Amino acid sequence: MRFIVATFMFVASLFPVGALADDAQGKITNIDADNSTITLDDGKVYKLPGEFDLSVIEEGMKVTLMFDVVDKERFITDIEETQE
């Protein structure tokens with residue numbers, strides 16, 4: 001049984017992790033509707049989910065983002081307005 005578990009763990013370690021979850025807070029400095037992205041005041045660009053209603057966000061809004069990193073791109077999974 002130990003051999004099976006050890007073999008499974010070894011094989012699983014050979015495959016890279018495809019996505020890493022993270023979060024960020026900041027002020028929206030740019031909204032690019034053509035590319036479905038927003039930029040925060042830290043200068044990082046985040047990709048909005050498909051079919052996102054851009055009317056609910058605006059430049060200058062403070063937000064908290066949850067996002068996944070896939071191939072060095074940040075894909076937003078959740079966005080909330082922050083009251084500070």
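1. Strands here are DSSP runs of E with at least two residues, and helices are runs of H or I with at least four; both are numbered from the N terminus. Glu51 falls in the loop between strand 3 and strand 4. Its phi is positive, about 60 degrees, although Glu51 is not a glycine. Glu51 is exposed, with a relative accessible area of 83%. (Buried means under 20% relative accessible area, exposed over 50%, partly exposed in between, with a 1.4 Å probe and protein chains only.)

2. A word on the source. This is a predicted model: local features need pLDDT of at least 70, side-chain atom pairs count only at pLDDT 80 or more, and totals for chains, interfaces and linings use all residues. Residues are numbered from 1 along each chain as its sequence is written, and side-chain values use heavy atoms, with hydrogens and water left out.

3. Asp71 is another residue to check. It has a positive phi of about 50 degrees and is not a glycine. Asp71 sits in the loop between strand 4 and strand 5 (73-81). Its relative accessible area is 69%, so Asp71 is exposed.

4. Next, the core. A nonpolar core is a set of buried Ala, Val, Leu, Ile, Met, Phe, Trp, Tyr and Cys residues joined through side-chain atoms within 4.5 Å. The largest one has twelve residues, including Ala24, Ile28, Tyr46, Phe67 and Ile76. Strand 1 (20-32), strand 2 (37-40) and strand 4 each supply at least two of its residues. Strand 4 gives the most, with three. In soluble globular proteins, nonpolar side chains tend to be buried together.

5. How many aromatic pairs are there? Rings of Phe, Tyr and Trp (its six-membered ring) pair if their centres lie within 6.5 Å; planes under 30 degrees apart are stacked, over 60 edge-to-face, and the rest tilted. The count is one aromatic pair. The ring centres of Tyr46 and Phe67 are 5.1 Å apart and the planes stand at 70 degrees, so this pair is edge-to-face. It links distant parts of the chain: Tyr46 is in strand 3 (residues 45-47) and Phe67 in strand 4 (residues 62-70), 21 residues apart. Tyr46 is buried at 1% relative accessibility, and Phe67 is buried at 5%.

6. The charged end of Arg74 sits over the Tyr46 ring, 5.7 Å from its centre. (The rule asks for NZ of Lys or CZ of Arg within 6 Å of the ring centre and within 35 degrees of the ring normal.)
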